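This briefing is for a reader new to the structure shown below. Please keep the sequence and the model at hand while reading.

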Amino acid sequence: MSEAKLKRTLTGRVVSNKMDKTVTVLVEHLVKHPLYGKMVRKSKKYHAHDESNAFNEGDLVEIVETRPVSKTKSWAVSKLLEKARTV
């Protein structure tokens, strides 16, 4: 009996889609400052695999952890949560 391993998922905004089959996703979260108690916004960028080049800058997406695809890419875009608003 093999158990399905839970995969980590993160939600963030696409900030770059200039690479082929890759998007850069900015994930932000709030943490409490250890001394002052103020909530501080921390962010980190992840390279995620986008096979069909379907996602554009500003899209809100969910990324899921996968096996390493390249040196910097071990996440893949699983679904689109919100399309970017165009002005």
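**Strand partners and overall layout**

Ser-16 stands opposite Thr-24 in β2. The model is predicted: local features need pLDDT of at least 70, side-chain atom pairs count only at pLDDT 80 or more, and totals for chains, interfaces and linings use all residues. Residues are numbered from 1 along each chain as its sequence is written, and side-chain values use heavy atoms, with hydrogens and water left out.

**Overall make-up**

- The protein chain has zero helices and five strands; helices (H or I, at least four residues) and strands (E, at least two) are DSSP runs, numbered from the N terminus.
- Read from the N terminus, the order of elements is β-β-β-β-β.
- Along the principal axes, the C-alpha atoms fill a box of roughly 50 × 45 × 25 Å.
- Of the 87 residues in the protein chain, 26% count as buried; buried means under 20% relative accessible area, exposed over 50%, and partly exposed in between, with a 1.4 Å probe and protein chains only.
- Among contacts between residues at least 6 apart in sequence, 49% join residues at least 24 apart, where contact means heavy atoms within 4.5 Å.

**The barrel and its pairings**

- Five strands close into a barrel in the order β1-β2-β3-β5-β4, and the pairing is mixed; two strands pair if DSSP finds at least two bridges between them.
- Neighbouring strands of this sheet are turned by 50 degrees against each other on average, direction ignored; the axes are lines fitted to C-alpha atoms, for helices over the stretch in contact, and angles run from 0 to 180 degrees between N-to-C directions.
- Strand β1 (residues 9–16) runs antiparallel to β2 and is joined to β2 by three bridges.
- Arg-13 stands opposite Leu-26 in β2.
- The hairpin of β1 and β2 has five residues between the strands, and Lys-21 in the turn has a positive phi of about 60 degrees.
- β2 and β3 are antiparallel and pair over eleven bridges.
- The hairpin of β2 and β3 has six residues between the strands, and Gly-37 there takes a positive phi near 80 degrees.
- In a regular strand, side chains alternate between the two faces of the sheet.

**Thr-22**

- Thr-22 belongs to strand β2 (residues 22–32), and the bridge partner of Thr-22 in β3 is His-49.
- Is Thr-22 buried or exposed? Thr-22 is buried, because its relative accessible area is 8%.
- The side chain of Thr-22 makes a polar contact with the side chain of Lys-73 at 2.8 Å. A polar contact is a pair of N or O atoms within 3.5 Å; within protein, one must be able to donate a hydrogen and the other to accept it, and residues adjacent in sequence count only if both atoms are side-chain atoms.
- Not counting residues up to four places away in sequence, Thr-22 touches Ser-16, Asn-17, His-47, Ala-48, Asp-50, Asn-53 and Lys-73.

**The nonpolar core**

- The largest nonpolar core has eleven residues: Val-14, Val-23, Val-25, Val-27, Tyr-46, Ala-48, Phe-55, Val-61, Ile-63, Trp-75 and Val-77. Such a core is a set of buried Ala, Val, Leu, Ile, Met, Phe, Trp, Tyr and Cys residues joined through side-chain atoms within 4.5 Å.
- Two or more residues of this core come from each of β2, β3 (39–49), β4 (60–65) and β5 (73–82).
- β2 gives the most to this core, with three residues.
- Beyond its neighbours within four places in sequence, Ala-48 is in contact with residues including Thr-22, Val-23, Val-25, Ile-63, Trp-75 and Val-77.

**Salt bridges**

- How many salt bridges does the structure hold? There are six salt bridges, each a side-chain nitrogen of Lys or Arg within 4 Å of a carboxyl oxygen of Asp or Glu.
- Glu-65 forms a salt bridge with Arg-8, with the closest N and O atoms 3.1 Å apart. Glu-65 lies in strand β4 and Arg-8 in the segment before β1, so the pair ties together parts that are 57 residues apart in sequence.
- Glu-65 is partly exposed, at 29% relative accessible area.
- Arg-13 and Glu-82 meet through their side chains in a salt bridge (3.4 Å, N to O). This pair links distant parts of the chain, with Arg-13 in strand β1 and Glu-82 in strand β5, 69 residues apart.
- Arg-13 is partly exposed at 34%, and Glu-82 counts as partly exposed at 35%.
- Glu-57 forms a salt bridge with Lys-18, the closest N and O atoms lying 3.4 Å apart. Glu-57 is in the loop between β3 and β4 and Lys-18 in the loop between β1 and β2, 39 residues apart.
- Glu-57 is partly exposed at 39% relative accessibility, whereas Lys-18 is exposed at 69%.
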